[in-house]
Protein chains: 2
Amino acid sequence: MHQAVELFIQDLAVIMLVAGVVTLIFHRFKQPVVLGYIVAGAIIGPHTPPFSLITDQHTIQILAELGVIFLLFSLGLEFSLKKLGKVGATAFVTALAEITLMLWIGYEIGVYFGWKTMDAVFLGAMLAVSSTTIIVKALDELGMKHERFAQLIFGILIVEDVLAIGMIALLSGIATSGSVDAGDAAITIGKLVLFMIVALVLGILIVPRLLDYVARFHSKEMLLVTVLGLCFGFCLLVMKLNYSVALGAFIIGAVMAESRHLYRIEHLIEPIRDMFSAIFFVAIGLLFNPAILAQYWLPITLITLAVVIGKVLSCSLGTFLSGHDGRTSMRVGMGLAQIGEFSFIIAALGVSLKVTSDFLYPTVVAVSAMTTLLTPYLIKLADPLSARLATAMPDKMSAVFGMYSSWLGSLQPQGDRAALSRIIRQILMQVIVNLALVAAVFIVAAYFADSLGRSMASWVADPEIQKAVVWGGALVLSLPFLIATYRKLQALSMLLAEIGVKPELAGSHSRGVRRVIAEVIPVVSIIGIMLMMAALSSRILPPTKLLILVLIGAAGLVLLLWQRLVKLHSKLQIALHETLEQPPDEKK
Amino acid sequence: MHQAVELFIQDLAVIMLVAGVVTLIFHRFKQPVVLGYIVAGAIIGPHTPPFSLITDQHTIQILAELGVIFLLFSLGLEFSLKKLGKVGATAFVTALAEITLMLWIGYEIGVYFGWKTMDAVFLGAMLAVSSTTIIVKALDELGMKHERFAQLIFGILIVEDVLAIGMIALLSGIATSGSVDAGDAAITIGKLVLFMIVALVLGILIVPRLLDYVARFHSKEMLLVTVLGLCFGFCLLVMKLNYSVALGAFIIGAVMAESRHLYRIEHLIEPIRDMFSAIFFVAIGLLFNPAILAQYWLPITLITLAVVIGKVLSCSLGTFLSGHDGRTSMRVGMGLAQIGEFSFIIAALGVSLKVTSDFLYPTVVAVSAMTTLLTPYLIKLADPLSARLATAMPDKMSAVFGMYSSWLGSLQPQGDRAALSRIIRQILMQVIVNLALVAAVFIVAAYFADSLGRSMASWVADPEIQKAVVWGGALVLSLPFLIATYRKLQALSMLLAEIGVKPELAGSHSRGVRRVIAEVIPVVSIIGIMLMMAALSSRILPPTKLLILVLIGAAGLVLLLWQRLVKLHSKLQIALHETLEQPPDEKK
């Protein structure tokens, strides 16, 4: 015990001391601190002379995992549904363009060098996402953090983070199942989206209220313990569901971002994050093998070029195509041209799942180091380059670009139409959230059906009736959300009927046609939903006779309690909105 | 790896979630959070039903050790040489009285119950020191933190902490050597004091300047990494010297307390300390076995009574005897009547050194829980009790107490005499510090003599000459401090001659006698010091012929460079004073 403690403290001392000295040197020469950590790790590590200065690499790797958790938890805290709504289309278009292109380029490079399929897939994933940490530091040092293009970059990074989280979940699935099947992928993504929606909705309903309660005691210590408990607890739940711990940390961070005590939480978590993320980046350096660097210099150079060129092109074009001027687009593209922490997380995932080859990790670390070094210079290069491009461009081409811009502008809905499309979007969003909750109720019920059945075995012996009880219970639980869905769909179809059925065409029947549309759409949809639920819960679906009984009972309940169920749902909805609308307390 | 990470996160989640819920309940009922942690640990632990919720107790215990480091580092940050000077005599008298009495009572209780000698010794040590954490929380909740008696309590706690640190070092020595030898103990204490002086002086010269340099970059992250690096690095050094990690954390904290960036450091360390100290207290609960509680109810009750009565008596009396009124003394005594974190640290030391029996740990935890629960009530009881005592006391006795107070007042040196005694104290202090540095130089030289000898083997083959070189080097290095000592002693003896030799007695010879005294004392002392150095470095002392050569060389050097050496020393002294004098930056 005593021996183990001494070795552990020795490892921590070596990590922090070497990291401190190296990052001081890096900071002195205006290089990012993150690079300093990685170099410190390489110095300490076993692959560089004289020998490994770390006695227990296993424990350090476990602590590094805490670094991932706190890095992503912090990212989640900075994530905000509202912010995401504002940068909207541009961020989605650009991030999607970048990730798709880089996934493909990375995969192709892997195939070109004859690497294993899984290596190629992981390489693509590692190149797909840019580094928030490095960009924030670079923009900070250049004093450009508050310019317009910087805001665009942050929006793109948020979308990238979400997509990357999804990608990590997919990769884990692919790595364990060993194959990429379109249907499986769709199911995986569907489940993931479902899980994220349910976790966010339930989390935002519960967690900020809980934090409010704890914060009333004015004890930093208790707030911290609660935050850490929720964070680790949720990460554990997510790991039990076979998702990555990164996903859990990000979601619970995003949930806490809606708390009034956001700034206080950020303040408490910052030093802990800095401590463990230092260990995380040093641990990356520990795995860095310079011998592999010498052997793989060609792929490293090629991948570095691919990252810079691919990202600059895809991000600049994406930004430009969503309606920004050339200079801004170029700046956005140049700013995003590097890879960082997510690539390491994905690389670590590959190593821990034992599906990637040994050379991949140091290769990606080398590429990240190179692109990180280039980032500030690229950002500075953006303005002269876009000016040069503008003058060098043939007149015809600029005329085409000009036409594109004005065409794009004409596409934006204006006035009434804009308001209408916003309302429709909103209703659709609410329907999706409600259906996700219904689906979650039935999936959870199916998951626990066996143990629920066992626990009621003493009262109800017949397994068929047990099934009926569980299924009926799930149905009752989801009634408020089903009714809400029905009402939203009714409102939507009335709106659509109003717009879609023009009196000029339907003549005197227009009123009747409208009514039919407004009644038929929601009923048809709700039947579709019921079928979907039946499919989701096929494992616990009772036999037809019992099912009909259950459905009749539920129908009776709906008729009896309609008003109450509507009220219950609107209470929940109001609670959710309140939390989302309230601004966080002042910084203190 | 993946499995290990999942289990690790599961353990953390369980610890933080249970700790969060239990401390919330404890806080709700106005009980200290620390107790909540311990109860949470007991619930999680293996000794309570249903079973252990922790999968890897080993890793948790290692993390708990980080809790000890950060707790004592924080205590060190709050420690201040200046503050200690202010509360001065009272704190020393009271703390010494308390620790001596409680050590004795604890030991006797152990002997009474027929426990092993080592159990009795450790029990004494565990009862000796009161709990800073619990007192601060209790006074905070009672709104008494800024009253005069609270300041006295904090002073006593500081002295107790220092004495406890010394006690821990002694206990480690006793536990490993297995015996208590007065001579060995004296040597151990001497070495410890020497180490603390040298570490504090060198630390205060180097560390705040280093932190100033790092703070210039305005990066919280780099400041944190530097602070952690220094903290772990120093703890490692201390562990390599076979002292406890607690000592290291406390000293490096006390060193950083002299930095201008104290508040910033406290701010960064606070959440990290809270996280790991939560783990530490929960880990204490993990070891708690209620079965032992039932079995050892008699000793637990007796020890609890002994702690309360012994501490109230010793601390009240100590405070009263150093010249405070009855009410203040009673409040101080009541406030200090509990045991806490240091008792756990000492208990953990006993467990990790495998010298104490299994029942000791839960016994002490139970006693700490009981006394902690009593603390707020005792503090509230202090005023009525002292009023009751004052009226119930026979007149004669209060007359005696009154006489004591006025006699004590007359003892305090006044006017010139006070100034003189302050100067003499100051000079003696400087002499001690310089001699400690000289001793450290020779001890370090002796320690590294062999490897230094080997490294110069190619130039100097004769081991005798090697010794002479090493010894001579140490002598040259310590010359500035020796010269400073000589000059301070000269000043002191002149002062003493001036006061001590009264013209009425020595008559016309008084001038001559004074001069003789002023010349003789420093020369005799410096010869004594040289002999002491020779004894300290006996292992590397060159043979007489070479020794004389080295001494002649050193004497030549002294004559040549006297001025420069004096200047060098005063520069160091000024640097030290500057650091000690500067106030920390504003809180921000």
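## Salt bridges overall

Counting over all chains, this model has 18 salt bridges. Keep in mind that the model is predicted.

## A link between the chains

Let's start with a pair that crosses from chain A to chain B. A:Lys220 and B:Glu270 form a salt bridge, with their closest N and O atoms 3.7 Å apart. A:Lys220 sits in helix α9 (residues 220-240) of chain A, while B:Glu270 belongs to helix α11 (residues 262-286) of chain B, so this pair joins two chains.

How accessible is A:Lys220? Its relative accessibility is 38%, so A:Lys220 counts as partly exposed. B:Glu270 comes in at 24%, so B:Glu270 counts as partly exposed too.

## Helices α14 and α16 in chain A

Next, a pair within chain A. A:Asp383 and A:Arg331 meet through their side chains in a salt bridge, at 2.9 Å from N to O. Because A:Asp383 is in helix α16 (residues 360-392) of chain A and A:Arg331 is in helix α14 (residues 326-335) of chain A, the pair ties together parts that lie 52 residues apart in sequence.

Buried or exposed, where does A:Arg331 fall? At 10% relative accessibility, A:Arg331 counts as buried, because the cut-off for buried is under 20%. A:Asp383, at 24%, counts as partly exposed.

## Helices α14 and α16 in chain B

Over in chain B, B:Arg327 forms a salt bridge with B:Asp383, and the closest N and O atoms are 3.4 Å apart. This pair links distant parts of the chain: B:Arg327 is in helix α14 (residues 326-335) of chain B and B:Asp383 is in helix α16 (residues 360-392) of chain B, 56 residues apart.

B:Arg327 has a relative accessible area of 45% and is partly exposed. B:Asp383 is partly exposed as well, with 24%. Back in chain A, salt bridges that share partners join A:Glu147, A:Arg327, A:Arg331 and A:Asp383 into one network.

## How α7 packs on α10

Now for helix packing in chain A. Helix α7 (residues 148-177) of chain A and helix α10 (residues 245-256) of chain A have axes that come within 9 Å and cross at roughly 145 degrees. The crossing of α7(A) past α10(A) is left-handed.

Which residues make the contact? From α7(A) come A:Asp161, A:Val162, A:Ile165 and A:Ile168, and they meet A:Ala246, A:Leu247 and A:Phe250 of α10(A). Sorted by class, the contact between α7(A) and α10(A) has 6 nonpolar residues, 1 charged residue and no polar ones.

Conventions:
Residues are numbered from 1 along each chain as its sequence is written. Chains are lettered from A and ligands numbered from 1 in the order in which they are written. This is a predicted model: local features need pLDDT of at least 70, side-chain atom pairs count only at pLDDT 80 or more; totals for chains, interfaces and linings use all residues. Side-chain values use heavy atoms; hydrogens and water are left out. Axes are lines fitted to C-alpha atoms, for helices over the stretch in contact, and angles run from 0 to 180 degrees between N-to-C directions. Helices (H or I, at least four residues) and strands (E, at least two) are DSSP runs, numbered from the N terminus. A crossing is left-handed if the near helix is turned anticlockwise from the far one by less than a right angle, and right-handed if clockwise. Contact means heavy atoms within 4.5 Å. Ala, Val, Leu, Ile, Met, Phe, Trp, Tyr, Cys and Pro count as nonpolar, Asp, Glu, Lys and Arg as charged, and the others, Gly among them, as polar. A salt bridge is a side-chain nitrogen of Lys or Arg within 4 Å of a carboxyl oxygen of Asp or Glu. Buried means under 20% relative accessible area, exposed over 50%, partly exposed in between (1.4 Å probe, protein chains only).
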